[in-house]
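This briefing is meant to be read beside the coordinates. Please keep the sequence and the three-dimensional view open while going through the points.

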Amino acid sequence: MSPTDPPTGPPGDVFAAPLHDGAPLLRVDGLRKSFGDNQVLKSIDLSVDRGDVVALIGPSGSGKTTVLRCLNGLEVPDGGTVDVAGELHLDFASPLSRKQVAALRDRSAMVFQHYHLFPHMTVLQNVIEGPVQVQRRHREEVVTEAEALLARVGLADKRDSHPAELSGGQQQRVGIVRALALRPQLLLFDEPTSALDPELVGDVLTVIKELADEGWTMLIVTHELAFAREVADQVVFMDEGYVVERGDPSVVLREPREERTRQFVRRLLSPF
Amino acid sequence: MNIDWHLVGTSLWPIVRGGLLGTIPLTLASFVAGLLIALVVALMRISGRAPLSAVARVYISVIRGTPLLVQLFVIFYGLPSVGVTLSPWPSAIIAFSLNVGGYAAEVIRAAILSVPKGQWEAAHTIGMSRRQALRRIILPQAARVSVPPLSNTFISLVKDTSLASLILVAELFRKAQEVAAFSQEFMVLYLEAAAVYWVFCLFLSAGQNLVEERLDRYVAH
């Protein structure tokens, strides 16, 4: 940390009490991450209760995606702690072992903005690759489960297609199924609809909403404020590497306390 | 110029036979061994470990910066003076595979780097180690990208194996030389050898197209 950094979060950051009673599934404290001289995450605190949906919003460059990537072990934070389900506790002050990174990945699954399906595999192969090759589960059992998941998102008939033969919306639904098949405790969505044509966004959001209704715990980086308002239990507004405001969507998105949140919400809701 | 068609006819089989029993096995063996070397060298190059990467870089630089003929002569005529005497065939296979290894390593390295970073990340996010990600996700995609440039390497190798005639390997060109020395019809026999090489390479190019078409089905466009 350079001496110019403020010792704590920005003014006005109130660590919100859990909105539901359940124990937090995910607890992040003081997460920091720099890329060279660029300090992307200055000090991030998060708490996600089991079964809750948390929407991470904020201007581009505010560090939302970096938070997700840190939680999935795709970036190594410079500092801070992450606690998952009270079972896995990581302190990034010292370098993580490979085993610890693997344990962190094991708890969560990521859905990418640009899907990142494996182009040389069929839809089914994409979905079963992790469970069969990494988790070493029985192939037949995994295939049965994968087929059921594909059917749920309306893609049963695309089982043997290759990703290149699918629309963006279909590819993203496969991306979601690939994540679900890993049976994670926490689903991470990185702007899951930002790369989609507008008419395909609805299908993907519907799937995510159904997962929320089923009680999946999810952390979603999104620009879809209307969706966040409808689905999220908690909205977290980030700016310049800090959490500026958090709370119930009806509060954060309708009557934000912080000026920066107000400006951001106003800009997104009426861009002209 | 009078073409001695009878000579063309009677010499054709020995030359083609030299191709089938010399050129083609020599090419295949050297290419397969060369690809294995290239894969190892490419992985060393991108390993992120300075010593490994440096060794790979020096190897590639030496192979690409020295003539193949010189490499061949060092192994066949040079090594005996330090106590290592190899027969023509092993010498040729070693020289050609080391040579292919140097060139193909750069092709494979570029192909691996051409696979989008998101593929590595998706592999990691489903829990794969670096090794698993390489084997299951990255290399299959890199393979498709490297087919056209590796086909060029392969076709070059078919022709480069004619250099083995200089270390007494009984391959296509050496057979043509033998008949030419006997009949003194150099023009006819060397053109005939050229024609046989060309036909071989036509077949190989057709094979390359087939492989590319097949692999194309699995790639995003």
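Predicted model: local features only at pLDDT ≥ 70, side-chain atom pairs only at ≥ 80, totals over all residues.

Chain A contains both helices and strands, 9 and 10 respectively, whereas chain B has 8 helices and 0 strands.

**Confidence**
- For chain B the average pLDDT is 92, and 97% of the residues reach a score of at least 70.

**Chain A: overall form**
- The radius of gyration of chain A is 19 Å, which agrees with the value near 19 Å that a compact globule of 272 residues would have.
- Taken along the principal axes, the box filled by the C-alpha atoms of chain A is roughly 55 × 45 × 40 Å.
- Of the 272 residues in chain A, 47% are buried.
- Among the contacts in chain A with a separation of 6 or more, 66% are between residues 24 or more positions apart.

**Chain B: overall form**
- The sequence of chain B, read in order, gives the pattern α-α-α-α-α-α-α-α, and its C-alpha trace spans about 70 × 45 × 25 Å along the principal axes.
- Buried residues account for 38% of the 221 residues of chain B.
- When contacts in chain B with a separation of 6 or more are considered, 75% of them join residues 24 or more positions apart.

**The largest nonpolar core**
- The largest nonpolar core has 126 residues, and the members that touch the most other members are A:Leu56, A:Val127 and A:Leu188.
- Helix 4 of chain B, residues 88-114, supplies the largest share of this core, with 13 residues.
- Leaving aside residues up to four places away in sequence, A:Leu56 touches A:Lys64, A:Val67, A:Leu219, A:Ile220, A:Val221, A:Val236 and A:Met238.

**Contact between the chains**
- Chain A brings 24 residues to the contact, and chain B brings 18 residues.
- On the side of chain B that touches chain A, the elements giving two or more residues are helix 5 (117-125) and helix 6 (130-160) of chain B, and helix 5 of chain B provides the largest share, 6 residues.
- Sorted by class, that side of chain B holds 8 nonpolar, 8 polar and 2 charged residues.

**A hairpin in chain A**
- Strand 4 (residues 79-84) and strand 5 (residues 88-91) of chain A run antiparallel and are joined by 4 bridges.
- Within this pairing, A:Thr81 stands opposite A:Asp91, which belongs to strand 5 of chain A.
- The hairpin formed by strand 4 and strand 5 of chain A has 3 residues between the strands, and A:Ala85 there takes a positive phi near 55 degrees.

**Positive phi in loops**
- Most residues other than glycine have a negative phi.
- Because 16 other C-beta atoms lie within 10 Å, A:Glu240 is partly exposed.
- B:Gln184, likewise a residue other than glycine, has a positive phi near 65 degrees, and B:Gln184 lies in the loop between helix 7 (172-183) and helix 8 (186-216) of chain B.
- With 7 other C-beta atoms within 10 Å, B:Gln184 is exposed, since a residue counts as exposed when 12 or fewer lie within that distance.

Notes: Residues numbered from 1 in each chain as written. Chains lettered and ligands numbered in written order. Core = buried A, V, L, I, M, F, W, Y, C linked by C-beta atoms within 7 Å. Buried ≥ 20, exposed ≤ 12 C-beta atoms within 10 Å, placed from the backbone. Contact = placed C-beta atoms within 7 Å. Nonpolar A, V, L, I, M, F, W, Y, C, P; charged D, E, K, R; others polar. pLDDT = per-residue confidence, 0-100. Rg over C-alpha atoms; globule rule 2.2 N^0.38 Å. Pairing = 2+ DSSP bridges.
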